[in-house]
Amino acid sequence: MTIVDETTTPPCAFEPEVYMDELLDSPPARTDITAAEWERLTVKRATAHRQCAGCPLMVECLYRAVVQIDVSGYVACTTEHDRSVIRRRLGIEVQQQTTTAYGAARVGGGPVSHDAVMTARQAYPKDTCHQLAERLDCSTSTIKRHLRRAREQKRDEALSPPAGPCLPTVDAVLDVFDELETSKVA
Ligand code: SF4
């Protein structure tokens, strides 16, 4: 008989598909989806947010996702964009491992990574969003979302301080997290 210690099993382990949901991790603009889809997304995000906020691993999870590993998915009350904002404010960078020509491999039909989209964009600069979507087996709105995110990152980077060699403390990461809108939603 297998005994599972639920006191140390985080909520995301029970429903990984929620935390890997591309719409949760990289939300579309309000105008890109219907009112009903927006409502469903809002409820889903609020639920994941509540679970992360109450998770005993929240602080460690946030620190690792910001400072040590550039993971995909909704993690510790943050989206990928939230975590990149925290890193920029802390002046740090985390390299994402790439394993294929398009960046990190997709696992089990999971969300296409930002790196994969940007690598495909570089390789095929004349492709339309629709053609890129076909190459990566994802939706056109996903491509548009990642391209929009790249434009936003470029704009933010122009305003951010250069990366420093020291790792931030847990308190420093939490201080920046506390300044984000997402920290006030739970
Ligand atoms: S804080 Fe991290 S470990 Fe806890 S539920 Fe959220 S993603 Fe999972």
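The dialogue below walks through helix packing, a ligand shell and a salt bridge in a predicted model.

Trainee: How are two packed helices described?

Mentor: They are described by the angle between their axes and the distance between the axes. Helices are DSSP runs (H or I, at least four residues), numbered from the N terminus, and the axes are lines fitted to C-alpha atoms over the stretch in contact, with angles from 0 to 180 degrees between N-to-C directions. Here helix 5 (residues 80–90) and helix 9 (residues 170–179) pack at about 125°, their axes being 10 Å apart.

Trainee: Which word describes how helix 5 and helix 9 lie to each other?

Mentor: Angles under 35 degrees count as roughly parallel, over 145 as roughly antiparallel, 65 to 115 as roughly perpendicular and the rest as oblique, and helix 5 and helix 9 are therefore oblique to each other. Their contact (heavy atoms within 4.5 Å) is made by I86, R89 and L90 of helix 5 with A172, V173, V176, F177 and E179 of helix 9.

Trainee: At what angle do helix 4 and helix 5 cross?

Mentor: The axes of helix 4 (residues 58–68) and helix 5 cross at roughly 70° and come within 9 Å, which makes helix 4 roughly perpendicular to helix 5. L62, A65 and V66 of helix 4 meet R83, I86, R87 and L90 of helix 5 in this contact.

Trainee: Which residues are around the ligand?

Mentor: A residue is counted if one of its heavy atoms lies within 4 Å of the molecule, and those around the ligand are P10, P11, C12, C52, C55, M58, C61, V75 and A76. With Ala, Val, Leu, Ile, Met, Phe, Trp, Tyr, Cys and Pro counted as nonpolar, Asp, Glu, Lys and Arg as charged, and the others, Gly among them, as polar, this shell has 9 nonpolar, no polar and no charged residues.

Trainee: How many salt bridges does the structure hold?

Mentor: A salt bridge is a side-chain nitrogen of Lys or Arg within 4 Å of a carboxyl oxygen of Asp or Glu, and the structure holds 8 of them. One of them joins R148 to D32, with the closest N and O atoms 3.4 Å apart. This pair links distant parts of the chain, 116 residues apart, since R148 is in helix 8 (residues 140–159) and D32 in the loop between helix 2 (22–25) and helix 3 (35–53).

Key. Residues are numbered from 1 along each chain as its sequence is written. This is a predicted model: local features need pLDDT of at least 70, side-chain atom pairs count only at pLDDT 80 or more; totals for chains, interfaces and linings use all residues. Side-chain values use heavy atoms; hydrogens and water are left out. Helices (H or I, at least four residues) and strands (E, at least two) are DSSP runs, numbered from the N terminus.
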